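Open the structure in your viewer and keep the selection tool at hand. We will walk from one stop to the next, and at each one you will hear what to pick and what is there.

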Amino acid sequence: MAMTLTRARVPRRTLILAMLAFAGFPSGTAGAQATDQGQVETVMVPMADGVQLATDVYRPAEDGRYPAVMMRTPYDASQASWLGEGLATRGFVVVLQDVRGQGRSEGHFMPFANERGDGTATVDWIVEQPWSNGQLALWGASYHGFAAFEIAMTGHPAVGAMFHISGWSDLARFLAHGGAFQLQAHLYWYYAYASGQPAPPAEAWPQIFRTVPLSDFFRGAEGVWDLAAAPSDHANIAVPVMHVTGWYDYIYPNVLQTYDAMAETAQAPHQRLVIGPWSHNGVLNSWTEVGDAE
């Protein structure tokens, strides 16, 4: 029988709403600014050590208590306004936060190191707010997904669902999948987002990739390797999780590993896995090409 293939882009908001419906979530402040999408304000949320994290809060136009969706990012939370504006009109409060030392947040950014402590502290802050009904879903793509898993693996009682795109829960396997350090991905990422210095020009990279010891290029991030040795605890994840990745995504083995690990050890009542013809985070954009493939 002949098969007909059709191409369709799934809107980002549709994906998020599908996760929330899948998890059983209902749709439904001083200095706040009223907009067509509702109300939005930026709050500096204090952590236990006094460092304050910049947090954009998008709320429905009508005051009340609503379920929340949270995303924490090292890539400037203000760039994800589409998520906040889209869901605030559908009865959710959306909390978008710059992680420690990135964007508008205070402190020093150490990749991966503070996402569990700062993330759970932010969840505690959310459930205490007058606009919160105590229900929370986590959303994350790539690094955001790791940050979300760090919270989910604590078993925090306020977390009721998670939507995960192209992320990872096991840091050791992400940094060294199969045992070999993923130099191509992680060295450039460190320079671009974590080193605090400009990335070298393109013509310098062939020599950089051939240079040892690697520690010369990761000054200030040595503690990450100790962190990577810590075991992941999928058994504490007891909420529905929707995983999305692409066959052309270099992180897709980590998504499959997380899905399998949860199936074996977690208490999660429901999991769903969607794999499409996408590159990294490709489901979030309208690109139809990956390399030479259409």
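Start by selecting helix H9, residues 252–265, and then bring up what packs over it. The buried residues of H9 are covered by elements that include helix H4 (143–152), strand S7 (159–165), helix H5 (171–175), strand S8 (241–246) and strand S9 (271–276). Covering here is a matter of contact, meaning heavy atoms within 4.5 Å. Helices (H or I, at least four residues) and strands (E, at least two) are DSSP runs, numbered from the N terminus.

A word on what you are looking at: this is a predicted model, in which local features need pLDDT of at least 70, side-chain atom pairs count only at pLDDT 80 or more, and totals for chains, interfaces and linings use all residues. Residues are numbered from 1 along each chain as its sequence is written, and side-chain values use heavy atoms, with hydrogens and water left out.

**Stop 1**

Which residues of H9 are buried? Select Asn254, Val255, Gln257, Thr258, Ala261 and Met262 to see them. They lie on the same side of H9, because they cover an arc of only 160 degrees around the axis; the arc is that of the directions from the helix axis to the C-beta atoms. Buried means under 20% relative accessible area, exposed over 50%, and partly exposed in between (1.4 Å probe, protein chains only).

Before moving on, check the length of H9. Its 14 residues reach 20 Å from the first C-alpha to the last, close to the 20 Å expected at 1.5 Å a residue. That expected span is 1.5 Å times one less than the number of residues in the helix.

**Stop 2: the largest nonpolar core**

Next, select Met70, Ile126, Leu136, Leu138 and Ile237. Of the 30 residues in the largest nonpolar core, these touch the most other members. Such a core is a set of buried Ala, Val, Leu, Ile, Met, Phe, Trp, Tyr and Cys residues joined through side-chain atoms within 4.5 Å. Two or more residues of this core come from each of strand S2 (38–46), strand S3 (52–59), strand S4 (66–73), strand S5 (93–98), helix H3 (115–127), strand S6 (132–141), H4 and S7. H4 gives the most, with 4 residues.

Zoom in on Ile126. Setting aside neighbours within four places in sequence, Ile126 is in contact with Ala68, Met70, Val95, Trp131, Ser132 and Leu136. Apart from this core lies another, of 24 residues, among them Val99, Phe109, Phe112 and Ile208.

**Stop 3: strand S6 and its partners**

Select S6, where 7 of its 10 residues are buried. S6 pairs with S4 in the parallel sense over 4 bridges, and Val69 has Ala137 in S6 as its bridge partner. S6 also pairs with S7 in the parallel sense, over 6 bridges; there, Gly140 has His164 in S7 as its bridge partner. Two strands count as paired if DSSP finds at least two bridges between them.

While you are at S7, pick Ala161, which is found in this strand. Ala161 is buried, with a relative accessible area of 0%. Val241 is 80 residues from Ala161 in sequence, yet their C-alpha atoms are 6.0 Å apart in space.

**Stop 4: some backbone details**

Where is Phe112 found? Look in the loop between S5 and H3. Phe112 has a positive phi of about 75 degrees although it is not a glycine, and at 5% relative accessibility it counts as buried.

Ser142, in the loop between S6 and H4, also has a positive phi, near 60 degrees, and is a residue other than glycine. Ser142 is buried, with a relative accessible area of 7%.

Move on to Pro213, in the loop between helix H7 (205–209) and helix H8 (223–228). The peptide bond from Val212 to Pro213 is cis, with omega near 0 degrees.

**Last stop: the whole chain**

Zoom out. The protein chain has 9 helices and 9 strands, and buried residues make up 49% of its 294 residues.
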